[in-house]
Amino acid sequence: MRSNETPTATVDLFADEDQQPARTEQIGEQSFVLRGFALPWVERLLPALEKILLAAPFRQMITPGGFTMSVGLSSCGTLGWTTDRSGYRYTRIDPVSSQPWPAMPEVFRALAQAAAQEAGFQHFEPDACLINRYLAGAKMSLHQDKDEKSYDPPIVSVSLGLPAMFLFGGFARSDKSQRVPLFHGDIVVWGGVDRLRYHGVLPLKEGHHSQLGAQRINFTFRTAG
Ligand code: SIN
Ligand code: FE2
């Protein structure tokens with residue numbers, strides 16, 4: 001430092017991890033983590049989420065192999081993702097309520113589209129938003145998102161609440177995966193050449209989030225139909 005400069009105190013403006021300024025990290029050729037991208041939207045997302053959950057509460061679904069998923073699932077949009085003993089699929093009707101899935105709130109769609117655009121995918125039109133709830137210990141094994149009709153549109157995945165360790169792998173289950181910590185407000189977008197990468201989430205650690213309490217919520221937007 002030159003003698004005429006005053007030392008600047010390091011003011012930790014962003015000490016709270018929820019308040020990080022937005023920045024983009026590349027995790028694949030066409031895969032990005034948009035840090036904090038959803039933060040300005042949270043205030044509008046949460047009331048909309050509450051409404052969806054009144055009509056389509058979280059449920060623990062059964063995989064075709066007969067295992068109960070540790071993550072609680074719901075959906076909104078024209079199509080909702082379900083699994084039972086007969087397989088994975090998208091349906092227009094929620095099998096629990098026998099009603100159509102709740103409509104996708106405009107604020108959900110707009111956020112997904114803005115995030116896709118930020119990651120280089122124009123005109124993303126999601127028709128399905130899978131809503132995952134992780135409580136402590138819940139996890140998502142490595143899998144590919146491949147129940148959608150076309151793999152041209154990307155996947156847009158929004159994280160809220162407690163932090164989690166996201167695994168972002170290759171094109172075979174056995175490929176080594178990157179560990180990507182995800183925090184409240186982060187969005188992961190993957191598509192194009194990366195669309196079929198394996199991904200998953202390590203068991204959620206216990207904790208308390210100021211807005212969401214003891215849980216992590218994840219929205220995964222897809223164009224399914
Ligand atoms: C998923 O792959 O469906 C969920 C990913 C996540 O919870 O971050
Ligand atoms: Fe997935």
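A salt bridge (a side-chain nitrogen of Lys or Arg within 4 Å of a carboxyl oxygen of Asp or Glu) joins the side chains of Glu125 and Arg109, at 3.6 Å from N to O. This pair connects distant parts of the chain, 16 residues apart: Glu125 sits in the loop between α2 and β6, and Arg109 in helix α2. Helices (H or I, at least four residues) and strands (E, at least two) are DSSP runs, numbered from the N terminus. Glu125 counts as partly exposed because its relative accessibility is 46%. Arg109 is also partly exposed, with a relative accessible area of 22%. Here buried means under 20% relative accessible area, exposed over 50%, and partly exposed in between (1.4 Å probe, protein chains only).

The model is predicted: local features need pLDDT of at least 70, side-chain atom pairs count only at pLDDT 80 or more, and totals for chains, interfaces and linings use all residues. Residues are numbered from 1 along each chain as its sequence is written, chains are lettered from A and ligands numbered from 1 in the order in which they are written, and side-chain values use heavy atoms, with hydrogens and water left out. The mean pLDDT (the predictor's confidence in each residue, from 0 to 100) is 92, and 90% of residues reach 70 or more. Residues 1-15 have pLDDT below 50; this stretch makes five contacts (heavy atoms within 4.5 Å) beyond near neighbours in sequence.

The structure holds 11 salt bridges. One of them links Asp186 and Arg35, at 2.5 Å from N to O. Asp186 lies in the loop between β10 (178-182) and β11, whereas Arg35 lies in strand β2, 151 residues apart. Both Asp186 and Arg35 are buried. Shared partners join Arg23, Glu25, Arg35 and Asp186 into one salt-bridge network. Arg23 belongs to strand β1 (residues 23-28). At 40% relative accessibility, Arg23 is partly exposed. Not counting residues up to four places away in sequence, Arg23 touches Val33, Leu34 and Arg35.

The largest nonpolar core has 35 residues. Such a core is a set of buried Ala, Val, Leu, Ile, Met, Phe, Trp, Tyr and Cys residues joined through side-chain atoms within 4.5 Å. Phe108, Ile131, Val156, Leu160, Ile187, Phe219 and Phe221 touch the most other members. Helix α1 gives the largest share of this core, seven residues. Leaving aside neighbours within four places in sequence, Ile187 contacts residues including Phe32, Leu111 and Val156. Another core, of 26 residues, lies apart from the largest one; Ala164, Phe168, Val188 and Leu204 are among its members.
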